[in-house]
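Q: Could you take me through the sheet in this model, and then the helix packing that goes with it? I'd like one connected picture.

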Amino acid sequence: MSTEHHRTELPWRLAEMTTQEAATAVDRAPIVVIPAGAFEQHGPAMPLATDTIRAEHVAERVAQTLAGRVVIGPPLPVGVSPHHLAFAGTVTLTTITFAAVVREYVDSLYRHGWRKILVLTGHGGNNATLTTVAQDLLTTHPDLQFAWTPLTALASDVVADMAVSEVHGHSGEAETAQLLHLAPHLVHTDRLAAGTTSTTGLTPLARLSRTSGHPTLTVRYDHLTANGVLGDPRHATARDGQAIVDTAVARVAAFVTQWLDA
Ligand SMILES: [Zn+2]
């Protein structure tokens, strides 16, 4: 019996390529997809890496859909999460550090010939920094194309059709559903518990941060929820999670397909 293993096709993940494979990958796969996540509390039932896990799975499925025309770059496993630091286990970068890490990933990939880079972030706390990085790259790397997107927001129409609480989001119905679909072994379903589900129980300060039509007020999550959850994840189902993930993958893949030829 042979114990040898031979790869029959080129890997999609840059991490699994040899340097020789990476040198030629840029021609057949001119887009690098970078999964970005966070290292932060996700309530009593889900792991700290929840956002990174979701981003990596979506990146993997996009790469499968595009059949070798994109590569998956190095993930960003720690993001901008200062609002979760009151909860144990959370690790954060400041916005300046996160921006520098993204820029230095981009600089390295640029050196190897890539000119189209897409960041998929599973963590909304990274959005503001990615916006600023994208603006700065217009001047520092004029021949680079940089795109980014949050994941769940890509399928907001799917989430709107779910039975979600008035207040929902972090570790709530939609996010828990995604993890039940992608990594059910990492969800402690017996520990799923409702968090903040409406604005009525919030302090006036917290309520101001959750309403619109006025200046944006940023507060820490320990002002919003006692257990780290917004919504009621007990209503999450793997079927809803699959609908969200499938929609996000389809929309990213459709964009990338057009971008390859743009
Ligand atoms: Zn999350």
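A: Happy to. Let's start with the sheet, which is open and has four strands in the order E2-E1-E3-E4, paired in parallel. Strands (E, at least two residues) and helices (H or I, at least four) are DSSP runs numbered from the N terminus, and two strands pair if DSSP finds at least two bridges between them. This is a predicted model, in which local features need pLDDT of at least 70 and side-chain atom pairs count only at pLDDT 80 or more, while totals for chains, interfaces and linings use all residues. Residues are numbered from 1 along each chain as its sequence is written.

E2 (70–72) and E4 (145–150) are the edge strands; each has a single partner strand, so one side of each is left without a neighbour in the sheet. From one strand to the next, the twist averages 20 degrees. E1 (residues 31–36) and E3 (residues 116–121) run parallel and are joined by six bridges; Val-33, for instance, has Leu-118 of E3 as its bridge partner.

Now for the helices. H2 lies across E1, E2 and E3, at about 160 degrees to E1. Axes are lines fitted to C-alpha atoms, for helices over the stretch in contact, and angles run from 0 to 180 degrees between N-to-C directions. H2 (residues 50–65) also meets H6 (residues 173–182): their axes come within 10 Å and cross at roughly 60 degrees. On the H2 side, the contact is made by Thr-50, Ile-53, Arg-54 and His-57, and on the H6 side by Glu-175, Gln-178, Leu-179 and Leu-182. Contact here means C-beta atoms, placed from the backbone, within 7 Å.

Definitions and conventions. Two residues are in contact if their C-beta atoms, placed from the backbone, lie within 7 Å.
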